[in-house]
Every structure is written in structure tokens, then in C-alpha cells.
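Could you walk me through this model in the viewer, one selection at a time? I would like to know what to pick next and what is there.

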Amino acid sequence: MAYWTFFSNHAHVLILLCNEPDLRMRDIAQRVNITERAVQRIVRDLEEGGYLVITKEGRRNHYTPQLEAHLRHPLESSIT
């Protein structure tokens, strides 16, 4: 049986950050089973897309999900 999931890595990262907004990239990478570099790209995409606000707290980042942001696909664009 082929392995597949309904959610993309972008969704997995966003879900993790909604639940734990102070996670380190290393921890996100381990949980999603992708590289830290991939997490960095995804977090940048989410920030640029308006789904995350990143604030620096000391040496760490705090991620604030923007739950009012609409999904991007035309079929889902009315959903936040």
C-alpha cells in the first residue's frame, strides 16, 4: 500500500506552530520528518503568505498564527 497523507508539510508545520508557538525548527523538522532547511523554507512561505507572524524573543522565535488568513486554493478560498 502506498504511503500518502491528506495534509502537506506546510499544513503540518502550521498545525504544530498553532499548538506550540515556541517550537524550535529542529523540533519541527523531527516531528514532520523533514530537514531543518525545509522547515526554514516553509516558515518563510507561511510568513510571506500572511499565515504566521514571527517575533524574536531573546535568541528564540515566537510564531503567531494568523487564523483569519484565507486558504489559497480556489476551492478553499472562503475558509480561514
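Start by selecting Arg 24 and Asp 27: they form a salt bridge, with the closest N and O atoms 3.0 Å apart. A salt bridge here is a side-chain nitrogen of Lys or Arg within 4 Å of a carboxyl oxygen of Asp or Glu. Arg 24 is partly exposed at 37% relative accessibility, while Asp 27 counts as buried at 18%. Those words have cut-offs: buried is under 20% relative accessible area, exposed is over 50%, and partly exposed is in between (1.4 Å probe, protein chains only).

Before moving on, keep in mind that this is a predicted model, in which local features need pLDDT of at least 70 and side-chain atom pairs count only at pLDDT 80 or more, while totals for chains, interfaces and linings use all residues. Residues are numbered from 1 along each chain as its sequence is written, and side-chain values use heavy atoms, with hydrogens and water left out.

How many salt bridges does the rule give? The count comes to 2. For the other stop, select Glu 20 and Arg 31, whose closest N and O atoms are 2.5 Å apart. Glu 20 sits in the loop between H1 and helix H2 (25-32) and Arg 31 in helix H2, so this pair ties together parts 11 residues apart in sequence. Helices (H or I, at least four residues) and strands (E, at least two) are DSSP runs, numbered from the N terminus. Both partners are partly exposed: Glu 20 has a relative accessible area of 33%, and Arg 31 has 47%.

Now colour H2 on its own. Which of its residues are buried? They are Met 25, Asp 27, Ile 28, Ala 29 and Val 32. The cover over them includes H1, H3 and strand E2 (60-65).

The axes of H2 and H3 come within 8 Å and cross at roughly 105°; axes are lines fitted to C-alpha atoms, for helices over the stretch in contact, and angles run from 0 to 180 degrees between N-to-C directions. H2 and H3 are therefore roughly perpendicular to each other, a label for angles of 65 to 115 degrees. To see where they meet, show Met 25, Arg 26, Ile 28 and Ala 29 in H2 against Glu 36, Val 39, Gln 40 and Val 43 in H3, with contact meaning heavy atoms within 4.5 Å.

Technical notes
Angles under 35 degrees count as roughly parallel, over 145 as roughly antiparallel, 65 to 115 as roughly perpendicular and the rest as oblique.
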